[in-house]
Amino acid sequence: MADANITIQSKGGIIKPPTLEGIEWATERKGTPGKLTFKIYSKGSDVQEGNAVKFTWKGKNVFYGYVFRKQMDKTDIMTITAYDQLRYFKNKETYVYEGMSAGELLTKISADFGFKTGTIEDTGYKIPSRVEDSQTLFDIMQNALDLTLLNTGSIYVLHDDFGKLALKNLTNMKLNVLVDERTGENFDYSSSIDDNTYNKIKLVYDNKETGQRDVYITQDSNTMAEWGILQYYDKLQEGENGIAKAEALIALYNKKTRKLTIKDAKGDPSVRAGSVIMVKMDLGDVKVNNPMVVESCTHNFRLNDHRMTLKLRGGDISG
């Protein structure tokens, strides 16, 4: 595979094994490390678990991670599975913090565990207080990002950027990439109001000072007339702004959930889970012509051919 270049850092030095056809790189937007799977000839190989792996395609940086699994059979072929730095977010720990943003929390976790970091954007929202007892680092960070989302409406993406942890606002993950009928071989589309769609937000807070319950309600009468009342109900924590949170939630959830899977699209190594790409497709009764978020992405590299399967979410679609 002339366009593919895999190098492995072993104890004995740099290994540049000839790879067999079929390299797969997969990412998901949250809760899962990036994964690289490839095959080499096992005879004479000195590859060991923990070795660093670097993968480039046509000179572009794609993946940097570490060997976690080797599989061999009588054909003298070794299948290697490597994960990026987020694999270590399966570690469990206890964190008690207050007045800290998600970005500041990631910086602290990275310092505690010795993770390499790159761009960590200011997530703005200070979480009043939080106790995370014996939780995975994935869950600890996702809880912080969820609280940020629910109180500000802003989505942040945690990912490994070629060996360095990055945390970026979704608006800064946009790519100049277009997927249409010519670049995608097949698709599967669905829309729903059955999953995370709400047109009435009701938040309550038990006010200890007044001895009363404060109630904050935001609703959309137009979609309520169309879909019926779909109510989101929750209790506020001390320090949360009820009005701001209700407004952020109605903006986030008062819409249909739209999902689109594109199969075997023309590959672009810059696309990963969390990316925002432009989709322009005529699906018959609906037309897609807007940016969509990549929820998961699987790249397949074969000889000089590169394809990717994308699971996309969100965006306004007109009939």
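## Helix α1 and its end

Just after α1, glycine 114 has a positive phi, about 75°. Helices and strands here are DSSP runs, numbered from the N terminus (helices: H or I, at least four residues; strands: E, at least two). This is a predicted model, where local features need pLDDT of at least 70, side-chain atom pairs count only at pLDDT 80 or more, and totals for chains, interfaces and linings use all residues. Residues are numbered from 1 along each chain as its sequence is written, and side-chain values use heavy atoms, with hydrogens and water left out.

How far apart are the end C-alpha atoms of α1? They are 16 Å apart. Helix α1 covers residues 102-113, which is 12 residues, and at 1.5 Å a residue it should span 16 Å, so the two values agree. The expected span is 1.5 Å times one less than the number of residues.

## The buried side of α1

Which residues of α1 are buried? They are Ala102, Gly103, Leu105, Leu106, Ile109 and Ser110. These residues cover an arc of only 155° around the axis, which puts them on the same side of α1. The arc is taken from the directions of the C-beta atoms as seen from the helix axis. Buried means under 20% relative accessible area, exposed means over 50%, and partly exposed is in between (1.4 Å probe, protein chains only). An α-helix has 3.6 residues a turn, so residues three or four places apart point the same way.

Several elements cover the buried residues of α1. Among them are the strands β8 (92-100), β9 (117-120), β11 (156-160) and β12 (165-169). Helix α2 (137-152) is also one of them.

## How α1 meets α2

The axes of α1 and α2 come within 9 Å and cross at roughly 165°. That makes α1 roughly antiparallel to α2. Axes are lines fitted to C-alpha atoms, for helices over the stretch in contact, and angles run from 0 to 180 degrees between N-to-C directions. Angles under 35 degrees count as roughly parallel, over 145 as roughly antiparallel, 65 to 115 as roughly perpendicular, and the rest as oblique.

Residues from both helices meet here, with contact meaning heavy atoms within 4.5 Å. From α1 come Ala102, Leu105, Leu106, Ile109 and Phe113. From α2 come Leu137, Ile140, Met141, Ala144, Leu145 and Thr148.

## Helix α2

Helix α2 has 16 residues. At 1.5 Å a residue they should span 22 Å, and the end C-alpha atoms are 22 Å apart, which agrees. The buried residues of α2 include Leu137, Phe138, Ile140, Met141, Ala144 and Leu145. Leu147, Thr148, Leu149, Leu150 and Asn151 are buried too. Glycine 153 follows α2, and its phi is positive, near 80°.

Helix α4 (residues 242-253) has 12 residues. From first C-alpha to last, α4 reaches 16 Å, close to the 16 Å expected at 1.5 Å a residue. Its buried residues are Gly242, Lys245, Ala246, Ala248, Leu249, Ile250, Leu252 and Tyr253. What covers them includes α2, β15, β16 (212-219) and β17 (231-235).

At what angle do α2 and α4 pack? The angle is about 95°, and the axes are 6 Å apart. The two helices, α2 and α4, are therefore roughly perpendicular to each other. Leu149, Leu150, Asn151 and Thr152 make the contact from α2. Ala244, Lys245, Ala248, Leu249, Leu252 and Tyr253 make it from α4.

## Two loop residues

Methionine 173 lies in the loop between β12 and β13 (174-180). Is methionine 173 buried or exposed? At 7% relative accessibility, it counts as buried. Leaving out residues up to four places away in sequence, methionine 173 touches Val157, His159, Lys168, Gly274, Ser275 and Val276.

Isoleucine 193 sits in the loop between β14 (186-192) and β15 (200-207). Its relative accessibility is 31%, so isoleucine 193 counts as partly exposed. With residues up to four places away in sequence not counted, isoleucine 193 touches Trp227, Leu230 and Lys256.

## Positive phi outside glycine

Lysine 58 is not a glycine, yet its phi is positive, near 55°. Lysine 58 lies in the loop between β5 (52-57) and β6 (60-72). Its relative accessible area is 54%, so lysine 58 is exposed.

Serine 134 also has a positive phi near 55° in a residue other than glycine. Serine 134 is found in strand β10 (residues 127-136). With a relative accessible area of 41%, serine 134 is partly exposed.

## The whole chain

The chain holds 4 helices and 22 strands. Its C-alpha trace spans about 75 × 50 × 30 Å along the principal axes. Of the 319 residues, 45% are buried.
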